[in-house]
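Please look over the sequence and the structure before reading on.

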Amino acid sequence: MVKKFMGKTVAETIRDLSREHLKKNKGLIMGQCLSAVGWVQNTVPAQKKGIVEFPMTDVAGAGFAVGSAIAGIKPIFILRFQSFLWLNASPLINNAAKSKEIFGYSAPVFIRAIASEGISSGPIHTNCYHSPFAHMPGMPICAPMTPKEYKQIWSFFIKSDTPLLVSEHRRSYKEKKEFNNEMHSKSKISIFLISAARFQVPEIKSYLEKKRIKADFFHIVWLKPFKINKKYIDSLKKTKKGLVIDSTYEICSVSEHIAYKLMTKCKNSQVYNMGMKDKSSGVTKNLLNGTPTTKRIVETVIKIVNKN
């Protein structure tokens, strides 16, 4: 179920938390092109103080951010395209994530990695790439899509001394809605959703109801660590079938890992995963590769439900 309320959007929530961080905590916001194109879609406060804009050196930003984190500043490091994670990976993984365990000092950097998709995005400045970073110790990962969720993960970061990889999605920025998990006594499948896939629940439900298929829906925010809720197991014991859907690649992924974890806890169930296809995105409609479409999700659900 989607719960509506007359509050702030996700973008406004991020901007307000950022402004408060600059003022009260003497933090910094770092990244490229922060003041251009609407201050990163209205998520960055329009001010000079506390804003550090980097030149177009795509591989250098993380080093500055991690260094300031080690110095105790707790910076917000913005990657306007999540594909830039590849270019900034070494300081984030080899320094920020490992420093506390290996060297005894922390590097708490708040990494805003922004996913996007759609026509004209192309193969580079597009898509969602949180899965590879889940392989490394010391780097918690979350994918908040609502104002309340963002406040919760921000509170976690402020109270902790670890880095945090926040897998954002542009699809969420104008949203004010909050999500609730849904369970029904006659559900035939348990569906677990991550990132932008969560916004498709109303459409998925509508199509499945036409096929007389009831489903349980669960919204996942924390990808690492992933904690198995008792309700997930109760649902799978009932349906015996599950599907984990994410906005990133399907193979060697967080969704595949979560599906495996769920099956090990509920041994009589079969849990599948789906995400982006194993191909690069193009710039035209016929070459798009992003969050699974509602049509593809529904077709997959029907196949799973009909399996013996």
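A residue is called buried here when its relative accessible area is under 20%, exposed when that area is over 50%, and partly exposed in between. E175 has a relative accessible area of 13%, so E175 is buried. The model is predicted.

**Salt bridges**

- A search of the whole structure finds 14 salt bridges.
- E175 forms one with R171, and the N to O distance between the two side chains is 2.5 Å.
- R171 has 38% relative accessibility and therefore counts as partly exposed, whereas E175 is buried.
- Another salt bridge joins the side chains of E168 and R112, at 2.6 Å from N to O.
- E168 belongs to strand β7 (residues 164–169) and R112 to strand β5, so this pair ties together parts that lie 56 residues apart in sequence.
- E168 is buried, because its relative accessible area is 1%.
- R112 is also buried, with a relative accessible area of 1%.
- K230 and D234 meet through their side chains in a salt bridge of 2.9 Å, N to O.
- Both K230 and D234 sit in helix α8 (residues 230–239), 4 residues apart, which is about one turn of the helix.
- In general, an α-helix has 3.6 residues a turn, so residues three or four places apart point the same way.
- K230 is exposed, at 60% relative accessible area, while D234 counts as partly exposed, at 31% relative accessibility.
- Salt bridges also link K8, R15, D16 and R19 in a network.

**The largest pocket**

- The volume of the largest pocket is about 570 Å³.
- Its lining has 21 residues, and those closest to the pocket centre are E149, Q152, H219, V221 and W222.
- Helix α6 (147–159) and strands β8 (178–179) and β10 (215–220) each supply at least two lining residues.
- Helix α6 provides the largest share of this lining, with 5 residues.

**The cavity**

- The count of cavities of 30 Å³ or more comes to 1.
- The largest cavity has a volume of about 30 Å³.
- The residues lining the largest cavity are I14, L17, S18, I76, F110, R112, Y150 and W154.
- R112, one of these lining residues, is the salt-bridge partner of E168.
- At least two lining residues come from each of α1 (10–24), β5 and α6.
- Helix α1 gives the most to the lining of this cavity, with 3 residues.

**Helix α4 and its cover**

- Which residues of helix α4 (residues 89–96) are buried? They are A89, P91, L92, I93 and A96.
- The elements covering these buried residues include α3 (61–70), β4 (76–79), α5 (99–103) and β5 (110–115).

**A nonpolar surface patch**

- A nonpolar patch on the surface is formed by I70, I102, F103 and Y105, which together have about 400 Å² of accessible area.
- Y105 is placed in the loop between α5 and β5.
- With 38% relative accessibility, Y105 counts as partly exposed.

- Q32 is part of strand β2 (residues 29–32).
- Is Q32 buried or exposed? Its relative accessibility is 12%, so Q32 counts as buried.
- Leaving aside residues up to four places away in sequence, Q32 touches F54, P55, M56, T57, D58, I78, R80 and F84.
- The C-alpha atoms of Q32 and G61 are 8.0 Å apart in space, although the two residues are 29 residues apart in sequence.
- S68 is located in helix α3.
- S68 counts as buried because its relative accessibility is 8%.
- Apart from residues up to four places away in sequence, S68 is in contact with M30, I73, K74 and P75.

Technical notes: Residues are numbered from 1 along each chain as its sequence is written. This is a predicted model: local features need pLDDT of at least 70, side-chain atom pairs count only at pLDDT 80 or more; totals for chains, interfaces and linings use all residues. Side-chain values use heavy atoms; hydrogens and water are left out. Buried means under 20% relative accessible area, exposed over 50%, partly exposed in between (1.4 Å probe, protein chains only). Contact means heavy atoms within 4.5 Å. Patches are made of residues with over 30% relative accessible area and no salt bridge: like charges are joined within 9 Å, nonpolar side chains (Val, Leu, Ile, Met, Phe, Trp, Tyr) within 5 Å. Accessible areas come from the Shrake-Rupley method with a 1.4 Å probe; for residues, only the protein chains shown count as cover. A salt bridge is a side-chain nitrogen of Lys or Arg within 4 Å of a carboxyl oxygen of Asp or Glu. On a 1 Å grid over the protein atoms alone, a cavity is a set of points where a 1.4 Å probe fits but cannot get out, and a pocket is an open set with protein on both sides within 12 Å along at least five of seven lines; lining residues have an atom within 4 Å of a point. Grid points are joined across faces, edges and corners, and a volume is the space filled by probe spheres set on the points.
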